[in-house]
Every structure is written in structure tokens, then in C-alpha cells.
Amino acid sequence: MKILITGGAGFVGSHLADEFIAAGHEVTVIDDISTGKYSNVEHLEGHDRFRLIIDTVLDQPLMEELIREADRVFHMASAVGVRLIMEQPVKTIETIFQGTDVILKYCSRFRKRVLIPSTSEVYGKGASVPFREDDDLLTGATDKHRWAYACAKTLDEFLALAHWKETRLPVVVVRLFNTVGPRQTGQYGMVVPRFVKAAIDGEPLEVHGDGTQSRCFGHVSDVVNGLKVLLENQACFGQVINLGNDDEVTITRLAEKAIELTNSRSEIRYVPYSVAYGEGFEDMQRRVPSLERPIA
Ligand SMILES: NC(=O)c1ccc[n+]([C@@H]2O[C@H](COP(=O)([O-])OP(=O)(O)OC[C@H]3O[C@@H](n4cnc5c(N)ncnc54)[C@H](O)[C@@H]3O)[C@@H](O)[C@H]2O)c1
């Protein structure tokens, strides 16, 4: 099959590319290398079933051509990470929503199977755990820009489901929970690589809040497997599906583990959310993202 992976030089997308190449498929990656890295796919360059295009998914004629020739589309390109969202508010919304709009438009025109990743962030301030896909979503005021990420992703979900409703576009929406593994960078605030790097460098591990908040971390190889399986299952078309690990760990315990596993002498330093990110993040403290249906 011909697989198109937008954002394929990013963390999750590059693992998807590895997986499909290993399984004997043809893979095209389009990535503007904004948060992704060429080094994530460098090892695939020269492979006769791999093609890398460095460009943006906002280029409509290009996307029309790429989607027309693809059998499956994984739209992994997105603005990701709390820090990026606070620093580049306009670009975040444009990249997420306009990008998904372009992808869905051409997938709909050529009737291609497409996977749209969303995020557990859409649950926002929701406190009824474990999270179910049909739960109400509760975000904050529009002057708290951090919610732009969740809302833009929610709008992506609405648009994908609208295409399913109107034309039965074979689309699957997958809400990813925290995903970790090789190639993830701590540069945009992702906690595991940030902790591991600090521990290795002997720097303090900055825990935001009091550290009692817990999170679930799925390994990227499990997540990639889940994404592949979901897009092949017709029962998933027009569905929203949570995907991640259901094993919770507190952030303090996570920091301790990073210190233990690297034999580090680093200390843990507690930093209030409002200091780490600005006002509007205090509610992160009490959120416990859990899953209704863990990936098998
Ligand atoms: N990693 C996680 O824990 C996590 C959690 C929830 C949701 N997600 C979702 O999974 C998807 C992939 O996330 P990731 O962690 O691999 O992030 P990532 O930043 O590593 O990957 C995103 C990729 O998209 C590329 N990109 C951005 N704008 C682009 C554009 N206009 N045109 C082409 N490429 C563009 C970036 O360069 C990058 O390579 C995203 O939709 C994200 O919202 C990830």
C-alpha cells in the first residue's frame, strides 16, 4: 500500500514511517521540519520505498497530488506542546485547523482512508475519570490561550465527523494520551524527555505543581500499532477513540524514576504552574487523564 504520513519527521510520525517500511509498504512523508527533525527519518532516506517531501500541508495543490496517489493517510502534522502553543498562538490554530481542513477536503474528494489524531487535552477541565469518548468537554475562557490547542483539536474532530456524516468519508479520530519513547524531544515541554535530560545533565528536575498529579504514558511502539489497527478496522470509521496507556504515575514518582534509572544526583524542584507557564494552568494540578478503553 501507499502510505502518506503528514508530520512524518516528527516523533510519532517517524515511528509510523518505520513501521510501514518494515511491513513492506511505500511511505511518503511530508513535513515542514518545524518541530520535527530530519534526523528522525534520515535512516530511511535512500530506501527505494521511502520518499521525504519537505513542505507544508497548507500547500493545497501539493496535498491534492499526494492524497490522490495514497491508499492511507495519517495526518500527524500539527503544532504540539504547551510551550509552543503559548509562544506561537496564531500559528498553532492555523496549523492545526487549516492543515486538517486541507487533508479532509482531499481525502473526501478521493475517498481515502484517513486518521486524524486528536488529544486527551480536549477533555480540558473534565474531572470524571476515567475519560470516555462521549463525555462532555469542558475548556476555559478564550483569553486563556492554552485552551486554543484543545479547541482547535476539537474543531478538527467536528470537521472529521461532519465529513463522515455527510459523505461517509472513512475517517477515524484518535485521541492520543501522553506518548513517549525514542526521538521525543523535551524542547517543547514534554515531561519525560525533559526529566531524563535534566537527570543526565545533573540539573534539577522541575516538577510543575506539587507533583501529586498523575498521568499515563504510552510507549510509542504500542501507540503506532494502535493507529495502524484502527485505520484498518471499518467499525472505527466515524468514531472517536481514546488511545494510550491506563497505568497512572504521579509526576513526582516519574521524576524519581528518571533520577533512579540514570543514577543521577539531581534534585527535584517544585515550580508552580503559574510560574512555569503563566496564569491559567492551575487546573492541570488536579487532572488525572485516564482511559475508558486502554489499548490492548
Ligand atoms: N506525543 C504525544 O504525547 C501526543 C499526545 C496527544 C496528541 N498528539 C498528537 O499526535 C500528533 C503527532 O504528535 P508528535 O508528538 O509526533 O508531535 P511532533 O511535533 O513530533 O510532530 C508533528 C510534526 O508535524 C510537523 N508539522 C507541523 N506543522 C506542519 C505543516 N504545516 N506542514 C507539514 N508538517 C508540519 C512538524 O515538523 C513535526 O514533525 C499531533 O497531532 C499531536 O497533536 C501527540
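Which element gives the largest share of the shell around the ligand? Keep that in mind as you go through these notes.

1. **Ground rules.** You're looking at a predicted model, where local features need pLDDT of at least 70, side-chain atom pairs count only at pLDDT 80 or more, and totals for chains, interfaces and linings use all residues. Residue numbers start from 1 along each chain, following the sequence as written.

2. **Around the ligand.** The ligand is surrounded by 28 residues, and Gly7, Gly10, Thr35, Gly36 and Ser78 are the closest. Helices (H or I, at least four residues) and strands (E, at least two) are DSSP runs, numbered from the N terminus. As for the opening question, α1 gives the largest share, three residues.

3. **What the shell is made of.** Twelve residues of the shell are nonpolar, 14 are polar and two are charged. Here Ala, Val, Leu, Ile, Met, Phe, Trp, Tyr, Cys and Pro count as nonpolar, Asp, Glu, Lys and Arg as charged, and the others, Gly among them, as polar.

4. The largest nonpolar core has 44 residues, and Ile5, Leu16, Val73, Ile103, Val114, Leu115 and Leu227 have the most contacts inside it. Apart from it lies another core, of twelve residues, including Ile85 and Phe131. A core is a set of buried Ala, Val, Leu, Ile, Met, Phe, Trp, Tyr and Cys residues joined through C-beta atoms within 7 Å. Buried means that 20 or more other C-beta atoms lie within 10 Å of a residue's own, exposed means 12 or fewer, and partly exposed is in between, with C-beta atoms placed from the backbone.

5. **Helix α2, a helix with two sides.** In α2 (residues 60–69), Met63, Leu66 and Ile67 are buried. Looking down the axis of α2, you'd find its buried residues within an arc of 95 degrees, so they line one face of the helix. That arc is taken from the directions from the helix axis to the C-beta atoms. An α-helix has 3.6 residues a turn, so residues three or four places apart point the same way. On the other side of α2, Pro61, Glu65, Arg68 and Glu69 are exposed. The buried residues of α2 pack against β1 (2–6), β2, β4 (72–75) and α4.

6. **Thr6.** Have a look at Thr6 in strand β1. Thr6 counts as buried because 29 other C-beta atoms lie within 10 Å. Leaving aside neighbours within four places in sequence, Thr6 is in contact (C-beta atoms, placed from the backbone, within 7 Å) with Ile30, Val57, His75, Met76, Ala77 and Ile103.

7. Most residues other than glycine have a negative phi. Arg111, though not a glycine, has a positive phi of about 50 degrees, and for Arg168 the positive phi is about 60 degrees. Arg111 sits in the loop between α4 and β5, while Arg168 is in the loop between α5 (147–167) and β6 (171–176). Arg111 is exposed, with 11 other C-beta atoms within 10 Å; Arg168 counts as exposed too, with 12.

8. **Domains.** The chain is divided into domain 1 (2–179 + 218–243) and domain 2 (191–214 + 248–286), with bounds from an automatic or database domain assignment. Taken over C-alpha atoms, the centres of domain 1 and domain 2 are separated by 28 Å.

Methods
Near = placed C-beta within 6 Å. Contact = placed C-beta atoms within 7 Å.
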